[in-house]
Amino acid sequence: MQQTARTVVIHKHGGPEVLTLEDRPVGEPGPGEVSIRHRACGLNFIDVYQRAGLYPLELPHALGMEASGVIEAVGEGVTHLEPGQRAAYAAMPAGAYCEARVMPAAQVCPLLESISFDTAAAMMLKGMTVEYLFHRTTPLKRGDTVLFHAAAGGVGLIACQWAKSEGIKLIGTAGTDEKCSLAKFNGAAHCINYRTEDFAERVAEITGGKGVDVVMDSIGADTFNGSLDSLKPLGMMISFGNASGSVPLIDIGILAKKGSIKITRPTLFTHIADHSVCQAMARRLFNKVDGGEVKIHIDQRFPLDQVAEAHRTLEARKTTGSTILEL
């Protein structure tokens with residue numbers, strides 16, 4: 001009898017109500033693939049974008065971009081993993097919200113014994129995002145200043161700790177005083193409640209009018225203009241998400257007017273497309289967590305069959321830290 005696995009699938013784009021739980025055949029891994037049985041799955045804003053159609057998928061399609069578990073079988077040519085090995089990943093194609101799946105092996109990473117399955121599922125996409133933001137997008141050095149939006153979220157709390165571990169001054173923003181306190185507890189030098197303060201004005205006060213070296217912005221439409229205003233001349237704007245909607249079109253000349261600032265829109269999946277780069281990024285993340293420099297906060301847990309409620313909670317910005325789906 002063919003093995004099946006409970007899998008979250010969408011047949012149309014829309015709200016959380018389009019998420020359905022189905023039994024799907026798992027199959028056997030082909031060349032360059034592995035079969036992995038999941039122990040936990042991570043939840044990310046990219047899942048919301050794909051569900052809603054901002055990042056359209058060919059339908060029907062399973063959802064989910066990160067998980068952890070145990071390798072059950074490997075296909076021809078796979079040499080970095082073996083059956084019975086603990087593993088974790090953040091990778092295309094979507095389909096991680098499931099009990100088990102067959103998938104490309106290149107972005108699946110051997111998992112240290114010291115890191116739990118729950119922690120791994122909560123950190124792969126978010127942690128490797130922080131890795132490329134701090135090490136691969138623009139040069140950063142000890143003493144530099146970064147403005148990081150959504151500093152109490154899953155990516156944000158990792159970024160606060162990562163920055164502190166490398167001597168980088170991180171100014172965070174968040175939507176409540178409680179979230180600001182959480183960001184500061186995790187290493188942010190300052191945190192601005194953007195609902196009660198103009199964050200660009202506060203950044204100017206904090207930096208003595210100089211502005212920050214880099215802005216890391218996953219919010220999008222609501223924060224974009226203020227982010228540009230927060231940069232020092234020749235600073236770098238990294239737009240890596242659109243939680244509040246897509247960034248508006250801009251006249252490129254505004255970059256010159258604001259001090260010859262730079263702007264980029266990277267994605268994790270460009271960075272991890274190369275197998276060796278992906279594995280190196282994961283190792284750096286694992287070492288940060290294993291060494292105690294970064295602690296992964298799992299503040300919300302939902303059973304797989306409550307995935308719609310998990311999406312509603314995330315979209316309402318009621319979450320802090322990471323969210324996982326339990327199997």
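Helices and strands here are DSSP runs, numbered from the N terminus. By that numbering, Pro 60 sits in the loop between helix 1 and strand 4 (61–62). The model is predicted.

**Helix 2 and the cores**

- The largest nonpolar core has 56 residues. Met 124, Met 128, Phe 134 and Met 216 touch the most other members.
- A second, separate core holds 30 residues, including Leu 43, Leu 81, Val 307 and Ala 308.
- Beyond four places in sequence, Met 216 touches Leu 133, Phe 134, Leu 140, Val 146, Leu 147, Phe 148, His 149, Ile 238 and Phe 240.

**Helix 2 against helix 9**

- The axes of helix 2 and helix 9 (residues 275–290) come within 9 Å. They cross at roughly 110°.
- Angles of 65 to 115 degrees count as roughly perpendicular, so helix 2 is roughly perpendicular to helix 9.
- Helix 2 makes the contact through Thr 119, Met 123, Met 124, Gly 127, Met 128, Glu 131, Tyr 132 and His 135.
- Helix 9 answers with Cys 278, Met 281, Ala 282, Arg 284, Leu 285, Phe 286 and Val 289.
- By class, this contact has 10 nonpolar, three polar and two charged residues.
- An α-helix has 3.6 residues a turn, so residues three or four places apart point the same way.

- The Lys 126 side chain makes a polar contact with the side chain of Glu 66, at 2.7 Å.

**Helix 1 and its cover**

- Helix 1 (residues 45–52) has eight residues, and six of them are buried, so the helix is largely enclosed by the rest of the structure.
- The buried residues are Ile 46, Asp 47, Val 48, Tyr 49, Gln 50 and Arg 51.
- Their cover includes strand 1 (4–10), strand 2 (19–25) and strand 3 (33–42). Helix 2, helix 8 (268–271) and helix 10 (307–315) are also among the covering elements.
- Gly 53 follows helix 1. Its phi is positive, near 100°.

**His 311 in helix 10**

- His 311 lies in helix 10.
- His 311 is buried, at 0% relative accessibility.
- The side chains of His 311 and Tyr 97 make a polar contact at 3.1 Å.
- Not counting residues up to four places away in sequence, His 311 touches Pro 16, Leu 19, Leu 43, Asp 47, Val 48, Arg 51, Leu 63 and Tyr 97. Asp 47, Val 48 and Arg 51 are among the buried residues of helix 1.

**Met 236 in strand 13**

- Met 236 is placed in strand 13 (residues 231–239).
- Met 236 is buried, with a relative accessible area of 11%.
- Met 236 and Pro 139 are 97 residues apart along the chain, yet their C-alpha atoms are separated by 9.8 Å.
- Leaving aside neighbours within four places, the contacts of Met 236 include Thr 138, Asp 213, Val 214 and Val 215. Lys 262, Ile 263 and Thr 264 are also among them.

**Backbone points to check by eye**

- Most residues other than glycine have a negative phi, and most peptide bonds are trans.
- A cis peptide bond joins Leu 59 and Pro 60, with omega about -5°.
- Another cis bond joins Met 92 and Pro 93, with omega about -5°. Pro 93 is in the loop between strand 6 (86–90) and strand 7 (100–104).
- Ser 260 has a positive phi, near 55°. Ser 260 is in the loop between helix 7 (253–257) and strand 14 (262–264), and is partly exposed at 43% relative accessible area.
- Arg 317 has a positive phi too, near 60°. Arg 317 is in the loop between helix 10 and strand 16 (322–326). At 27% relative accessibility, Arg 317 is partly exposed.

Definitions and conventions
Residues numbered from 1 in each chain as written. Predicted model: local features only at pLDDT ≥ 70, side-chain atom pairs only at ≥ 80, totals over all residues. Heavy atoms only, no water. Polar contact = N/O pair within 3.5 Å; in protein donor to acceptor, adjacent residues only side chain to side chain. Core = buried A, V, L, I, M, F, W, Y, C linked by side-chain atoms within 4.5 Å. Buried < 20%, exposed > 50% of the residue type's maximum accessible area, 1.4 Å probe, protein only. Contact = heavy atoms within 4.5 Å. Axes fitted to C-alpha atoms, helices over the stretch in contact; angles between N-to-C directions. Helix = DSSP H or I, 4+ residues; strand = E, 2+ residues; numbered from the N terminus. Parallel < 35°, antiparallel > 145°, perpendicular 65-115°, else oblique. Nonpolar A, V, L, I, M, F, W, Y, C, P; charged D, E, K, R; others polar.
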